[in-house]
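Please look over the sequence and the structure first.

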Amino acid sequence: MSDRTAGMTVPAARTRERTLSVTTLAAEFHAPSLTDFFPPAVLFEGTPFELDRLMLIRILMTAVLVLVMTLAFRSPRIVPRGLQNVAEIGLVFVKEQICDEVLGKESGRKFFPLIATIFFTVLFLNFSGVIPGLNISSNARIGMPLVLAVIAYLAFNYVGIRKYGFLTYMRSSIVVPNVPPALHVLLIPIEFVSTFILRPFTLTVRLMANMLAGHIMLVLFFSATWFFLFDAAAWMKVFSPFSLLAGLGFTLFELLVIFLQAYVFALLTAVYIGLAQHADAH
């Protein structure tokens with residue numbers, strides 16, 4: 001079997017097996033595509049526990065997160081320093097700027113463990129996208145963003161159902177008060193889709209799409225630098241510094257995006273929990 005690409009015959013097996021990384025792209029300078037986010041299995045191929053490169057990165061970054069938090073708080077000091085100080089700054093940020101700000105101090109304290117877990121999970125999994133050798137955020141594939149969105153979805157619906165009961169919570173969430181009865185025919189479906197379908201969908205797609213787009217841009221910049229330096233005609237080598245600078249600049253921008261996506265995901269989770277707590281104030 002073979003695929004036709006730009007007039008050349010490329011073995012299909014080779015197309016399936018290539019992975020999206022700066023190294024492989026630099027060698028051949030082929031355009032990245034969505035198929036590159038589904039590399040071949042590395043471990044346990046053909047079983048329900050099959051692991052590919054992205055799954056191994058998820059496991060690695062999760063282990064790094066657990067290790068960092070364990071080392072930071074294994075012997076906590078009253079006056080923090082070093083790694084404990086950095087970890088506490090992150091936790092205080094989540095508590096004060098997300099939980100307390102959105103939910104209030106009492107509810108914020110209650111849901112702080114959940115929201116902090118979501119924030120740091122997204123942050124660490126995203127951070128692998130700028131680590132040499134890993135070169136990709138595992139949140140760029142839909143699986144992990146979907147899992148996190150489902151957790152947030154279950155959390156805010158559980159809060160609402162526990163407080164109001166299922167029927168009252170549903171009615172309060174989708175029925176807009178003080179509008180003409182005829183408008184309910186239009187508004188109830190809109191509110192239902194907005195609350196129970198679009199919320200988890202947008203949480204998932206926002207995180208995945210931002211990390212996917214950022215990764216593709218970094219790959220293009222740095223592989224173009226390699227191409228201009230080593231594979232292109234001599235007169236094109238002058239373009240290599242510009243693509244390198246663009247790649248470095250975009251890396252700094254990607255660091256900002258990494259943090260913002262963790263913040264937005266955690267913030268919206270808190271907002272949805274707050275809305276569920278006050279569903280009767282629709």
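Does Asn 126 count as buried or exposed? Asn 126 has 0% relative accessibility and therefore counts as buried (buried is under 20% relative accessible area, exposed over 50%, partly exposed in between, with a 1.4 Å probe and protein chains only). This is a predicted model, in which local features need pLDDT of at least 70, side-chain atom pairs count only at pLDDT 80 or more, and totals for chains, interfaces and linings use all residues. Residues are numbered from 1 along each chain as its sequence is written, and side-chain values use heavy atoms, leaving out hydrogens and water.

Surroundings of Asn 126

- Asn 126 is part of helix H4, residues 83–127 (helices are DSSP runs of H or I with at least four residues, strands runs of E with at least two, numbered from the N terminus).
- Leaving aside residues up to four places away in sequence, Asn 126 touches Ser 137, Asn 139, Leu 207, Met 211, Ile 258, Gln 261 and Ala 262 (contact means heavy atoms within 4.5 Å).
- Ile 258 is 132 residues from Asn 126 in sequence, yet their C-alpha atoms are 5.6 Å apart.

Whole protein

- The protein has 8 helices and 4 strands.
- From the N terminus on, the order of elements is β-β-α-α-β-β-α-α-α-α-α-α.
- Of the 282 residues, 40% are buried.
- Among contacts with a separation of 6 or more, 63% join residues 24 or more positions apart.
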